[in-house]
Amino acid sequence: MRALQWMGVNDLAVNDVPDPVLLDDRDVIVKVRRTVTCGSDLHLLGGYIPFMRSGDVLGHEFLGEVVEAGSAVTKHRVGDRVVVSSFVACGQCWYCRQELYSLCDNGNRNPAVTEHLWGFAPGGCYGYSHAMGGYEGSHAEYVRVPFADVGAFTVPDDVADERAVFASDAASTGWMGADLGGVQPGDVVAVWGAGGVGQMAARAAMLLGAERVFVIDPLAERLRMTREFVGCDTLQEGTDDVGAALLEATAGRGPDVCIEAVGMESGGGAPVEQVYDRAKQYLRLQTERPTALRHAIYHCRKGGTVFVLGVFAALADKFPLGAVMNKGLTLRGAQMHGQRYIPMLLERMARGELVTEHLATHVMPLEEGPRGYDLFKSKEDGCMRSVFLPHG
């Protein structure tokens, strides 16, 4: 089969790779219909996640058709159209029973790597390095789905592929940020980042009853999309006075919940801050550029909550711990617990409450994968997400 492979830093290629096979009676094989680029993939592309091997297949946000099922699979049959959570979870361990699926004890086949880094290992993730299980990714014609009864979900007939595919990761990640960030009716919420996850976090906050939601980003075209399809307020970093606007909207307090949806390659901030963070990251003296996270912490009201949705790997310099402690902030973060949210999101998609297809600005054959990532990384031609069609 054909697949998009990571060959080295900033080097992608579409090549022939072996077809996946059932390795466990709880597996299914999915014929991929749509697979999406994600901002966290750019950290792999740029070499900031050091556990990639040449030839690894990328991709973790996808939808497809079941073409083979193991003997123990009970919820899916050949021919079912399914969307798959990007994180692999067993459904039976203590963490899965608490609905903390991305922390599954059995989803990561290589736990020693992240146990050494973080003290404990999270679950596994498709196409996201050998530190996260070494699973083959979804940018391929076919993909093996372990624990299929737990991680794959049948898509309602009236929800199109273009909408449903984003339940796999972007929509479920964004919803988790608003949910676990504790958004309540009447809250003011600020989201840093107008990418797919940031837009979905904003829409989730609105559906959870937030009185006002602001999305902050330096790119005007992303903010225009956010206003049109999400319907919330926007602030352009570098043009608008973000801090003053947030204070004015909250009687001088600041937002109740601040959601960081940018991650370890954040831009923005003062010029000196940008140069400092980029130089230290380039020299590997820190693994993160946490500009957006710093701003979320500084702007959040006293006693508020900051939720970290963007992917971070290890260490960040000049982290404002004093602000967290002295302002009495609650600081939370997580990889996405997709199995917790995907069924509800598909229902909301069916009712038209959650619209996502506008995120798919560039749809192309898998063979054009390297070009799709170039557009996605450079944000050329208004690219929000590149979507690949492995079977044309």
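Visitor: Where is the place of Ser138?
Guide: Ser138 sits in the loop between β8 (124–125) and β9 (142–145), where strands (E, at least two residues) and helices (H or I, at least four) are DSSP runs numbered from the N terminus. This is a predicted model, in which local features need pLDDT of at least 70, side-chain atom pairs count only at pLDDT 80 or more, and totals for chains, interfaces and linings use all residues. Residues are numbered from 1 along each chain as its sequence is written, and side-chain values use heavy atoms, with hydrogens and water left out.

Visitor: Is Ser138 buried or exposed?
Guide: Ser138 counts as buried because its relative accessibility is 0% (buried is under 20% relative accessible area, exposed over 50%, partly exposed in between, with a 1.4 Å probe and protein chains only).

Visitor: And what is Ser138 in contact with?
Guide: Leaving aside neighbours within four places in sequence, Ser138 is in contact (heavy atoms within 4.5 Å) with Val32, Thr35, Leu58, Gly59, His60, Glu61 and Phe62.

Visitor: Switching topic, which strands form the open sheet?
Guide: Six strands form it, in the order β13-β12-β11-β14-β15-β16 and with parallel pairing, where two strands pair if DSSP finds at least two bridges between them. The edge strands, each pairing on one side only, are β13 (233–236) and β16 (330–333).

Visitor: How many bridges between β15 and β16?
Guide: Strand β15 (residues 305–308) pairs with β16 over four bridges, in the parallel sense, and Val306 stands opposite Leu331 in β16.

Visitor: What about helices, at what angle do α6 and α13 pack?
Guide: Helix α6 (residues 170–180) and helix α13 (residues 338–351) pack at about 105 degrees, with their axes 9 Å apart; axes are lines fitted to C-alpha atoms, for helices over the stretch in contact, and angles run from 0 to 180 degrees between N-to-C directions. That makes α6 roughly perpendicular to α13, a label for angles of 65 to 115 degrees.

Visitor: Which residues in α6 meet α13?
Guide: They are Ala171, Ser172, Trp175, Met176, Asp179 and Leu180, and among their partners in α13 are Tyr341, Ile342, Leu345 and Met349.

Visitor: Why is α11 largely enclosed?
Guide: Seven of the nine residues of helix α11 (residues 291–299) are buried, so the rest of the structure largely encloses it. The buried residues include Arg294 and His295 as well as Leu293 and Ile297.

Visitor: Last one, what does Ile259 touch?
Guide: Not counting residues up to four places away in sequence, Ile259 touches Gly177, Ala178, Val189, Ala190, Val191, Trp192, Ala201, Phe307 and Leu309.

Technical notes:
Parallel < 35°, antiparallel > 145°, perpendicular 65-115°, else oblique.
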